[in-house]
Amino acid sequence: MAELVGCITTSHVPAIGRAIAGNLQDDPYWKPFFDGFPAIREWLARVRPDVAVVISNDHGLNFFLDKMPTFAVGAAPQYRNADEGWGIPTLPPFAGDLDLSWHLIEQLVNADFDITTCQEMLVDHAFTLPMKLLWPDAGDTWPVATVPVGINTVQFPLPSAKRCFDLGREIGDAIRSWDSQRRVVVIGTGGLSHQLDGQRAGFINKEFDRKFMDSLAEDPAWATQYSIRDLVEFTGTQGIELLNWLAARATLGDQAQLVHANYHIPISNTAAATMAFATAN
Ligand code: DHB
Ligand code: FE
């Protein structure tokens, strides 16, 4: 059976794409964020995943306000990067893993998740920037195949934290039951606290972010006690992207081994954070 090696969670601010393109990793503004990655890349080099399941939210590239799936799973042979307006360099296409896509889809539907299957899908900054942060030296071909999973964190009503946690648990079970010798890593992107619009634009909540990060290490279901309304109040209208983190962490079960954590304020208007967990032995 396939092996789920661990999960990685990281922010996905579009400006990271410009910083990478401009080689600003050691710039004083950016260094504290980019410093979160070398330890995780070393871990990746040891666990050598073949496939990445990337849980993120589409920002209007595939799904606009007229059609908004709560949960979407990619089932395409290839995912092209398109930019939804940030002016960041377009990255080379990402190979899909159709076998894992359809296995995930079948398992999720059997478990009563009503998902949208996407046999064509573009990927935006929420998918591409974490990939580039984790595999900066990838040229035209990425070292892992990919399966994108989308959670609606954009247009209300959003799925509850509990529902996203349960989705993650089911994705973990599906990966572990995949009849394959391949090694899989799950990546959850977005967050942490940020609000880009409205009266609270610029809102950051370090205390909550820290509690949430601690909870992923010690008690991963902790955030499921809160409603979406509570979580938006705690983290901001875009901080709710933490649902992607919650689903990613849930794939590993209760116990997981923290590989590395990094938290820095601010990048753009966000609390920028990164964590990695290895599957518990
Ligand atoms: C920003 C953050 C995001 O999560 C996003 O998707 C777009 C922009 C920002 O801080 O600028
Ligand atoms: Fe975002």
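Predicted model: local features only at pLDDT ≥ 70, side-chain atom pairs only at ≥ 80, totals over all residues.
The cysteines are considered at the outset. A disulfide is a covalent bond between the sulfur atoms of two cysteines. For a pair to be counted here, the two sulfur atoms must lie within 2.5 Å. By this rule, the number of disulfides is zero. Cys7 takes part in none, and the nearest cysteine sulfur, which belongs to Cys164, is 15 Å away. Cys7 has a relative accessible area of 0% and is therefore buried. Cys118 is likewise in no disulfide; for this residue the nearest cysteine sulfur is that of Cys164, 16 Å away. Cys118 counts as buried because its relative accessibility is 7%.

Attention now turns to the charged side chains. Seven salt bridges are found in the structure. One of them links Asp97 and Arg182, whose side chains meet at 2.6 Å, N to O. Asp97 belongs to the loop between strand E5 (94-95) and helix H4 (98-110), while Arg182 belongs to the loop between helix H6 (161-176) and strand E9 (183-189), so this pair ties together parts that are 85 residues apart in sequence. The two partners may also be described by their accessibility. Asp97 counts as buried because its relative accessibility is 7%, whereas Arg182, at 32%, counts as partly exposed. Elsewhere, Lys162, Asp166 and Arg169 are joined into one network by salt bridges that share partners.

Two further salt bridges may be examined in turn. Lys31 pairs with Asp35, and the closest N and O atoms of this salt bridge are 3.1 Å apart. Lys31 has a relative accessibility of 34% and so counts as partly exposed. Asp35 is also partly exposed, with a relative accessible area of 39%. In the other salt bridge, the side chains of Asp66 and Lys67 meet at 3.3 Å, N to O. Both Asp66 and Lys67 are exposed.

Finally, there is a group of charges on the surface. Where does negative charge gather in a patch on the surface? The patch is formed by Asp214, Glu218, Asp219 and Asp254. Among these residues, Glu218 lies in helix H7, which covers residues 206-218. Glu218 has a relative accessible area of 65%, and since exposed means over 50%, this residue is exposed.

Conventions. Residues numbered from 1 in each chain as written. Chains lettered and ligands numbered in written order. Heavy atoms only, no water. Buried < 20%, exposed > 50% of the residue type's maximum accessible area, 1.4 Å probe, protein only. Patch = residues over 30% accessible without salt bridge, like charges linked within 9 Å, V, L, I, M, F, W, Y side chains within 5 Å. Areas by Shrake-Rupley, 256 points an atom, 1.4 Å probe, with all protein chains shown as cover. Salt bridge = Lys/Arg side-chain N within 4 Å of Asp/Glu carboxyl O. Lys, Arg positive; Asp, Glu negative; His and termini not counted. Charge placed at Lys NZ, Arg CZ, Asp CG, Glu CD. Helix = DSSP H or I, 4+ residues; strand = E, 2+ residues; numbered from the N terminus.
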